[in-house]
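Subject: Structure handover and notes

Dear colleague,

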Amino acid sequence: MPTDRYLDADIPQFACACLKFLEISQNLSKWPIPTRHTFKRAKALKIVPLGEILMQFALLIYELPEAFAARKSDGTDSYTGAWRAYHKALVESGSYLAGDPLEVPETGTTLRLKEGKRLVQDGPFADTKEQLGGFIIMELPSLDAALDWAARCPTAATGAVEVRPLAPAAKHRIT
Amino acid sequence: MNGSGQESTHRAIERVARESYGRLVAYLSSQTRDVASAEDALSNALVAALKAWPGDGVPQNPEAWLLTAARRSFIDLVRHRRVVEASEPTLQLLREEREVSLSAEFPDDRLKLLFVCAHPAIDSSMHTPLMLQTVLGLDAARIAHAFLVSPKTMGQRLVRAKTKIRDGGIQFEVPQERELPQRLDAVLEAIYAAFGIGWDDMAGVDQSGRELAEEAIWLGRVLLQLMPSEAEVRGLLALMLHCEARRRARRGPEGRYIPLSEQDSQQWSRPLIEEAERHLAEALSRGRTGRFQLEAAIQSVHAERARSGRTEWAAILLFYEQLIRISPTLGTRTGHAAAVAEARGPEAGLAVLDAIDLGSVSGYQPYWAVRAHLLQRLGKTPEAADAFDRAIGLAEDPAVREFLLQRRG
């Protein structure tokens with residue numbers, strides 16, 4: 001599109017916006033003030049009333065080999081920077097209970113007992129490209145809120161984040 | 001029939017489905033309030049079309065064909081489900097109607113359907129998903145991705161909402177004058193939410209966000225066609241078109257995020273800006289102003305930069321001051337602070353941010369981004385770094401995260 005045509009365009013935009021301003025301010029005073037609060041995902045802004053039932057969720061962070069390798073960097077890379085900021089946001093949210101990264105998958109050792117025999121295997125339980133690299137435990141009002149936090153996790157863009165509720169009932173059976 | 005003929009039949013079905021879906025669902029469900037059965041009946045009709053049309057050719061009036069097939073299927077569905085006696089009058093009605101208006105034009109009930117979707121009895125978080133599904137025919141899984149919930153959960157929520165429409169006595173009608181402003185506001189809000197989600201999720205790689213924004217504009221156009229004299233309907237459309245006009249300029253090479261102030265305004269779409277301006281002018285001439293017209297006016301001032309090369313922040317500030325009076329949302333207040341900072345300096349902007357209750361902003365990313373920016377301009381480096389971290393940690397879009405990380409330094 002040629003620039004000069006744009007410059008000559010008879011778009012009434014700015015005039016329209018400004019000239020009508022007086023009219024607007026006069027009209028507005030006649031309008032009732034709506035109190036509805038809106039935001040694209042209302043749940044993200046929801047303030048949890050006291051006494052609302054909170055659930056605990058685990059955010060399981062699955063990382064690609066490259067992400068594990070990046071841990072050896074000097075810490076100035078953007079992935080590490082993003083994680084640093086995410087961790088800060090988690091802690092300041094007041095919903096964070098615990099969390100830790102896990103050592104690289106190759107350091108895992110997997111044990112099974114089969115027909116009384118011990119089977120010890122080097123490496124992680126599952127042989128997949130994405131491996132469990134860490135976890136976060138949060139206390140939140142809903143799965144929706146947990147998914148919001150999962151979406152903000154830097155690893156969501158490169159690996160995957162699984163959200164799973166903790167199972168207090170199952171724990172209760174054994175305690 | 002050869003392959004290309006088959007393909008063109010498929011395209012014809014797709015086109016009819018796209019253009020008629022909402023009208024057919026609206027018409028079928030407005031008499032029965034049974035949106036779910038109407039949708040099922042219509043999808044059966046579409047399957048039947050896929051079978052019949054390649055052999056028989058596309059009928060003269062494909063919409064009427066679909067309506068006939070859907071109605072037949074609807075009667076079967078309702079009969080099969082043996083839903084209480086209340087459905088007997090429904091069946092009677094459908095049988096009678098069948099004889100009358102098979103080929104004739106049927107009324108456009110989409111407006112009623114839009115009002116039903118945004119009815120106060122329906123959970124407000126479901127207004128947009130319901131519209132996307134019933135009026136546009138989007139499937140639950142796609143809606144679920146956009147709203148960041150699992151597909152199963154979204155499916156269940158949609159079913160629940162439709163059951164409520166059927167059993168909860170929600171009327172298919174355009175609200176009375178007295179309650180119209182508030183009810184219309186909910187409809188506009190839901191359409192804008194679809195646009196906002198599509199806008200935010202447009203991360204470059206994924207096309208679904210972009211499509212959702214386009215669907216929202218489509219909905220806005222449908223609504224305008226149905227309510228041409230409502231100023232706010234035009235205001236909303238103008239707002240969405242102004243934003244849409246900048247889509248290309250929002251991303252640099254490799255999907256890099258470019259903030260509005262740094263966008264090359266010559267990349268903005270002139271036809272879209274012109275269309276937006278026409279709607280805004282028309283809206284303002286009607287003399288009833290509201291939130292969406294004000295937001296569109298703010299975007300209109302930004303668009304002016306393409307001609308003048310500068311941004312008239314004083315004008316933007318004036319509009320924000322009006323906007324805050326009628327819509328004091330967190331988003332508006334954050335935008336207001338940014339405008340104050342541009343017009344009167346970062347300290348003044350920061351003071352506006354400080355006046356917002358800290359408890360309400362802990363999860364609101366734009367607040368922290370603006371705060372970080374202003375603190376940085378004031379040379380308060382440690383405080384700025386802290387705010388940047390909050391903004392980065394709350395960001396969902398990797399490109400935005402990268403941008404903020406670089407700014408943070």
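Chain A has a mean pLDDT of 79, with 70% of its residues reaching 70 or more, and since this is a predicted model, I would begin with the stretches of that chain where the confidence falls away. Over residues 1-12 of chain A the pLDDT is below 50, and this stretch makes 13 contacts in the model beyond its near neighbours in sequence. The pLDDT is likewise below 50 over residues 29-48 of chain A, where the model shows 31 contacts beyond near neighbours in sequence.

Chain B overall

Chain B contains 21 helices and 0 strands. Its C-alpha trace spans about 75 × 55 × 40 Å along the principal axes, and its radius of gyration is 24 Å, which agrees with the value near 22 Å that a compact globule of 409 residues would have. Of those 409 residues, 45% count as buried. Among the contacts in chain B that join residues at least 6 apart in sequence, 62% are between residues at least 24 apart.

The largest nonpolar core

The largest nonpolar core has 138 residues, and the members that touch the most others are Leu59(A), Leu42(B), Val187(B), Ile191(B), Ala194(B) and Ala391(B). Helix H9 of chain B, residues 180-200, gives the most to this core, contributing 12 residues. The core also draws at least three residues from each of two domains of chain B, namely domain 1 (1-108) and domain 2 (328-409).

Leu42(B), once its neighbours within four places in sequence are left aside, is in contact with Tyr21(B), Leu24(B), Val25(B), Leu28(B) and Ala70(B). Ala194(B) has its place in helix H9 of chain B, and it counts as buried because 30 C-beta neighbours lie inside 10 Å, where 20 or more are needed. Leaving aside neighbours within four places in sequence, the contacts of Ala194(B) are with Thr128(B), Leu132(B), Leu212(B), Glu215(B), Ala216(B) and Leu219(B). Ala194(B) and Arg401(B), by comparison, are 207 residues apart in sequence and 23 Å apart in space, taken from C-alpha to C-alpha.

The hairpin in chain A

Strand E3 of chain A (residues 109-114) pairs with E4(A) in the antiparallel sense over 6 bridges, and the two strands form a hairpin with 2 residues between them. Within this pairing, Leu111(A) stands opposite Val120(A), while Lys114(A) stands opposite Lys117(A).

Glu115(A) lies in the loop between E3 and E4 of chain A, and has a positive phi of about 50° although it is not a glycine. Glu115(A) counts as exposed, because it has 5 C-beta neighbours inside 10 Å and the cut-off for exposure is 12 or fewer.

In chain B, Arg33(B) is another residue other than glycine with a positive phi, here near 65°. Arg33(B) lies in the loop between helix H1 (3-32) and helix H2 (35-56) of chain B. Is Arg33(B) buried or exposed? With 20 other C-beta atoms within 10 Å, Arg33(B) is buried, and since the criterion is 20 or more, that count sits at the cut-off itself.

A strand residue in chain A

Finally, Glu139(A) lies in strand E5 of chain A, which covers residues 131-140. Having 16 C-beta neighbours inside 10 Å, Glu139(A) counts as partly exposed. Beyond its neighbours within four places in sequence, Glu139(A) is in contact with Leu54(A), Gln56(A), Ser95(A) and Leu97(A). The C-alpha atoms of Glu139(A) and His172(A), which are 33 residues apart along the chain, are separated by 18 Å.

With best regards

Definitions and conventions: Residues numbered from 1 in each chain as written. Chains lettered and ligands numbered in written order. Predicted model: local features only at pLDDT ≥ 70, side-chain atom pairs only at ≥ 80, totals over all residues. Core = buried A, V, L, I, M, F, W, Y, C linked by C-beta atoms within 7 Å. Helix = DSSP H or I, 4+ residues; strand = E, 2+ residues; numbered from the N terminus. Domains from an automatic or database assignment. Contact = placed C-beta atoms within 7 Å. Pairing = 2+ DSSP bridges. pLDDT = per-residue confidence, 0-100. Rg over C-alpha atoms; globule rule 2.2 N^0.38 Å.
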